[in-house]
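Here is a short report for a first look at this structure. Take a moment with the view below, then read on.

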Amino acid sequence: QVHLVESGGRLVQAGGSLRLSCAASGSIFSTTNMGWYRQAPDKQRELVASISSTTTYYEESVKGRFTISRDNAKNTVTLQMNGLKVEDTAVYYCKVRAMSSATRSYADYWGQGTQVTVSS
């Protein structure tokens, strides 16, 4: 079983910065794509940024402000968020595509979410 734990969400003023972290633990054999999603009230969950071994992706509204990174040795993915805006307010979820040692097949795993609130 693979377990994800996110941290770093809190209340911050517009223009401020936050660093979200997601740690994957359990019987992990390997990981491929890792990403951050967010879901604002009454909106669908959307992909914010993702990272694989070769590529990174950013949603248009966060380009130049957010940076995603990963540490393969620690099975962690981090989202550095600068220049935060009120519209960035949402619950942020990490998703990791991983192969567990038990199943030897890839599956997507989600964290429980961390609240980011940006005040004006």
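How much accessible surface does the chain have, and what share of the surface belongs to carbon and sulfur atoms? The accessible surface comes to about 6400 Å². Carbon and sulfur atoms hold 49% of that area. Keep in mind that this is a predicted model.

**Fold and dimensions**

The chain has eleven strands and zero helices. From the N terminus on, the elements therefore read β-β-β-β-β-β-β-β-β-β-β. Along its principal axes, the C-alpha trace spans about 45 × 25 × 25 Å. A compact globule of 120 residues would have a radius of gyration near 14 Å, and the chain agrees, because its value is 14 Å. Of the contacts between residues at least 6 apart in sequence, 57% join residues at least 24 apart. The chain carries 13 positive and 9 negative charges, and their mean positions lie 6 Å apart.

**The core**

Buried residues make up 42% of the 120 residues. The largest nonpolar core has 29 residues. Trp-36, Leu-79, Met-81 and Tyr-92 have the most contacts inside this core. Eight strands are listed here, each giving two or more residues to the core.

| Strand | Residues |
|---|---|
| β1 | 2–7 |
| β3 | 18–26 |
| β4 | 28–39 |
| β5 | 46–51 |
| β7 | 66–71 |
| β8 | 76–81 |
| β9 | 90–100 |
| β11 | 114–119 |

β9 gives the most, with five residues.

Which residues does Met-81 touch, leaving aside its neighbours within four places in sequence? Met-81 is in contact with Gly-16, Ser-17, Leu-18, Leu-20, Arg-65, Phe-66, Tyr-92 and Val-116.

Conventions: Residues are numbered from 1 along each chain as its sequence is written. This is a predicted model: local features need pLDDT of at least 70, side-chain atom pairs count only at pLDDT 80 or more; totals for chains, interfaces and linings use all residues. Side-chain values use heavy atoms; hydrogens and water are left out. A nonpolar core is a set of buried Ala, Val, Leu, Ile, Met, Phe, Trp, Tyr and Cys residues joined through side-chain atoms within 4.5 Å. Buried means under 20% relative accessible area, exposed over 50%, partly exposed in between (1.4 Å probe, protein chains only). Helices (H or I, at least four residues) and strands (E, at least two) are DSSP runs, numbered from the N terminus. Contact means heavy atoms within 4.5 Å. The radius of gyration is taken over C-alpha atoms; the globule rule is 2.2 Å times the number of residues to the power 0.38. Accessible areas come from the Shrake-Rupley method with a 1.4 Å probe; for residues, only the protein chains shown count as cover. Lys and Arg count as positive and Asp and Glu as negative; His and the chain ends are not counted. The place of a charge is taken as NZ of Lys, CZ of Arg, CG of Asp or CD of Glu.
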